[in-house]
Amino acid sequence: MARSSLLCLVRLASLLALAGIFVSVSVQASRGDADPHYRTCVGECQNTGIIGSNIISHCQSRENDSISAGSSWYTQEALGMQWKQLNCMTDCRYYCMMRREEERRLGGLSPVQYHGKWPFKRVSVFQEPLSAALSALNLLMHFTGWLSFYLLVKCRLPLRPQTKRTYYEYTGLWHIYAILSMNAWIWSSVFHTRDIDLTEKLDYSSAVAVLGYSLIVTLLRIFNVKEGPARVMVAAPILAFVTTHILYLNFYELDYGWNMKVCVAMGVIQIVAWATWAGVTRHPSRLKLWVVVFGGALAMLLEVFDFPPYKRYADAHSLWHASTVPLTYLWWSFIKDDAEFRTSTLTLVKKAR
């Protein structure tokens with residue numbers, strides 16, 4: 001059972017890696033903004049401020065497109081408008097994209113990407129409302145999972161008599177993991193609300209950070225590394241690589257293809273590591289771990305194999321966000337079970353002495 005499951009995971013990991021390479025080659029391609037009809041529409045919109053029945057007020061008032069840094073606060077746009085970063089260019093692109101996509105639909109053509117993104121319908125300030133809402137839900141799941149874990153180890157489980165610290169050796173590591181995870185989902189919510197250069201880099205950087213750190217925790221837990229020096233030896237090279245990668249994305253080039261390869265590689269390593277460990281260990285909650293591992297592997301396929309948004313709201317990425325909600329609940333349930341299992345084991349050993 002364990003060998004066949006592991007073989008299945010290895011095959012799935014190979015598929016994910018090959019798919020990641022394929023996506024990295026094609027991710028920069030964007031047919032929509034190369035369409036001459038779309039380009040003509042954007043150019044006319046910027047000159048006239050009119051697209052069909054839509055009047056773009058930002059194109060009528062050019063000073064709204066660029067406000068000098070030294071201008072007074074009362075001469076600037078309302079805070080909500082600044083947050084949406086609406087101006088002549090962004091509004092023209094949005095309405096021309098919607099118009100062109102409707103023409104393509106009536107002509108029996110499938111949707112295409114514009115400037116590297118699928119065409120989504122805006123809802124108020126939300127550029128991708130479903131992904132933003134599901135990101136917020138994932139944030140809530142991590143917060144409630146971490147809170148229940150904190151109450152478990154601090155209030156319900158016994159503490160060491162002298163130090164009043166938990167018996168569970170990985171408590172601090174999971175606290176840091178929770179903070180990084182919540183930070184990642186905060187910026188995911190913000191990025192899907194408004195896609196600008198800053199929010200994009202914060203979203204990508206936060207995701208890489210939590211993936212890299214969870215890889216460290218994975219290796220420390222499955223190899224049962226408890227001593228400080230040994231933990232440093234495991235963590236240092238991974239931290240160095242992740243830090244370098246984040247600096248590369250932010251200050252050299254936001255290379256989507258390379259970032260996809262890095263994230264898929266770190267994800268696959270964790271999936272295979274946890275699957276192997278679950279196959280050889282006698283952990284009482286290994287069934288939950290199996291579900292998370294297989295569910296996580298299948299969810300990664302949604303990230304790799306993208307497709308146009310259904311009704312211009314739900315795409316593969318938003319479905320990935322949806323799939324991680326129950327997986328996050330189960331994951332924190334496993335972490336709490338692991339804390340109880342390790343605490344029970346250590347306290348029994350202490351009593352036996």
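Tryptophan 274 is buried, and phenylalanine 334 is buried as well. Buried here means under 20% relative accessible area, exposed means over 50%, and partly exposed lies in between, with a 1.4 Å probe and protein chains only.

Before I go on, this is a predicted model: local features need pLDDT of at least 70, side-chain atom pairs count only at pLDDT 80 or more, and totals for chains, interfaces and linings use all residues. Residues are numbered from 1 along each chain as its sequence is written, and side-chain values use heavy atoms, with hydrogens and water left out.

Now the rings. Rings of Phe, Tyr and Trp (its six-membered ring) pair if their centres lie within 6.5 Å; planes under 30 degrees apart are stacked, over 60 edge-to-face, and the rest tilted. By this rule there are 20 aromatic pairs. In one of them, the ring centres of tryptophan 274 and phenylalanine 334 are 5.9 Å apart with planes at 85°, so this pair is edge-to-face. It links distant parts of the chain, with tryptophan 274 in helix H10 and phenylalanine 334 in helix H12, 60 residues apart. Helices are DSSP runs (H or I, at least four residues), numbered from the N terminus.

Phenylalanine 334 also pairs with tryptophan 331, this time stacked, at 5.6 Å centre to centre and 25° between the planes. Both lie in helix H12, three residues apart, about one turn of the helix. Tryptophan 331 is buried too.

What does tryptophan 331 touch, leaving out residues up to four places away in sequence? The list is Trp174, Tyr177, Trp274, Leu289 and Val292, where contact means heavy atoms within 4.5 Å. One aromatic cluster includes Trp174, Tyr177, Trp274, Trp331 and Phe334.

Next, the cores. A nonpolar core is a set of buried Ala, Val, Leu, Ile, Met, Phe, Trp, Tyr and Cys residues joined through side-chain atoms within 4.5 Å. The largest has 51 residues, and those with the most contacts inside it are Phe149, Trp174, Trp274, Leu289 and Trp331. Helices H6, H7, H8, H9, H10, H11 and H12 each give two or more residues to this core. H10 gives the most, with 12 residues. A second, separate core has 15 residues, among them Cys59, Cys96, Met97 and Val112.

Last, helix H6 again. Tyrosine 150 is found in this helix, and is partly exposed, with a relative accessible area of 33%.
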